[in-house]
Each structure stands twice: as structure tokens, then as C-alpha cells.
Amino acid sequence: MASDEWIVMREFAQYPKAVIRGIRDTSGEARYLLLAWHPVRHRQRMVGIYSSREEAEAAVPWPSRSPQLPGLPPSNARRTPAHGSR
């Protein structure tokens, strides 16, 4: 990840909510693209352009009072028995 990208987290530590990507416009002014997060970069979608990183971050919604946990990917990790069991 580049040093001019920030991942915005909200309700679930395992699932990023958005990406803020810093760029310069044609006049050289800093701009911050707010993108809906997706693990595949070309599937991220722009939500807005802001003049500060703080404005972009403030535009990312917080969850509802009872958010539904998205399905976790299947784990291929091998489970080990609890201590003391054989």
C-alpha cells in the first residue's frame, strides 16, 4: 500500500469500510478520493473527492445500532485440541 492511502475501519475489525487515496489535481492542490473498499482494487468505487483527509474520513458512515456481521471466509486452518485433552 502506498503512503498516501488510508484504510477506514468502522464496525468490524476484519472488514475495512473505505479507502482514502491522496492525489494532486492539475493545479497541484491536494485532493482525497474516498472509495468504497473492496479487496480487489479495480472493484473499488469512488464515493467523493475532498480537500482534506479529515473531511473524507468524516464522510464514511458509521454502522447502524445492530450491524449484521458479514460472512467470514472459510478457514483452512487446522484446529488443535484444547489444553489437557488428548
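This briefing covers the strands, the aromatic pair, the charges over rings and the salt bridges of one structure.

The model is predicted, so local features need pLDDT of at least 70 and side-chain atom pairs count only at pLDDT 80 or more, while totals for chains, interfaces and linings use all residues. Residues are numbered from 1 along each chain as its sequence is written, and side-chain values use heavy atoms, with hydrogens and water left out. Four strands form an open sheet, the structure holds one aromatic pair, and the count of salt bridges comes to six.

**Strands and sheet**

- The sheet has the strand order β1-β2-β3-β4, with antiparallel pairing. Strands (E, at least two residues) are DSSP runs, numbered from the N terminus. Two strands pair if DSSP finds at least two bridges between them.
- β1 and β4 stand at the edges with a single partner strand each, so one side of each has no neighbour in the sheet.
- On average, neighbouring strands of this sheet are turned by 25° against each other, direction ignored. For such angles, axes are lines fitted to C-alpha atoms, and angles run from 0 to 180 degrees between N-to-C directions.
- β1 pairs with strand β2 (residues 16-24) in the antiparallel sense, over five bridges. Trp6 has Ile20 in β2 as its bridge partner.

**The aromatic pair**

- Which residues form the aromatic pair, and at what angle between the planes? Trp6 and Tyr32 do, with 6.0 Å centre to centre and 50° between the planes, which makes the pair tilted.
- Rings of Phe, Tyr and Trp (its six-membered ring) pair if their centres lie within 6.5 Å; planes under 30 degrees apart count as stacked, over 60 as edge-to-face and the rest as tilted.
- Trp6 lies in strand β1 (residues 5-9) and Tyr32 in strand β3 (residues 30-36), so the pair ties together parts that are 26 residues apart in sequence.
- Trp6 is partly exposed, with a relative accessible area of 29%, whereas Tyr32 is buried at 17%. Buried means under 20% relative accessible area, exposed over 50%, and partly exposed in between (1.4 Å probe, protein chains only).

**Charges over rings**

- A charge sits over a ring if NZ of Lys or CZ of Arg is within 6 Å of the ring centre and within 35 degrees of the ring normal.
- Arg53 lies over the face of Trp6, at 5.2 Å from the ring centre.
- Arg10 lies over the face of Trp62, at 4.0 Å from the ring centre.

**Salt bridges**

- Side chains of opposite charge can pair when their charged atoms come close. A salt bridge is a side-chain nitrogen of Lys or Arg within 4 Å of a carboxyl oxygen of Asp or Glu.
- Arg41 and Glu5 meet in a salt bridge at 3.0 Å, N to O. This pair links distant parts of the chain, with Arg41 in the loop between β3 and β4 (45-50) and Glu5 in strand β1, 36 residues apart.
- Is Glu5 buried or exposed? Glu5 counts as buried at 11% relative accessibility, while Arg41 counts as exposed at 52%.
- Glu5, Arg21 and Arg41 are linked in a network of salt bridges.
- Lys17 and Glu11 form a salt bridge at 3.5 Å, N to O. Lys17 is partly exposed at 31%, and Glu11 is partly exposed at 28%.
- Arg53 also meets Glu54 in a salt bridge, at 3.7 Å, N to O. Arg53 is partly exposed at 33% relative accessibility, and Glu54 is exposed at 51%.
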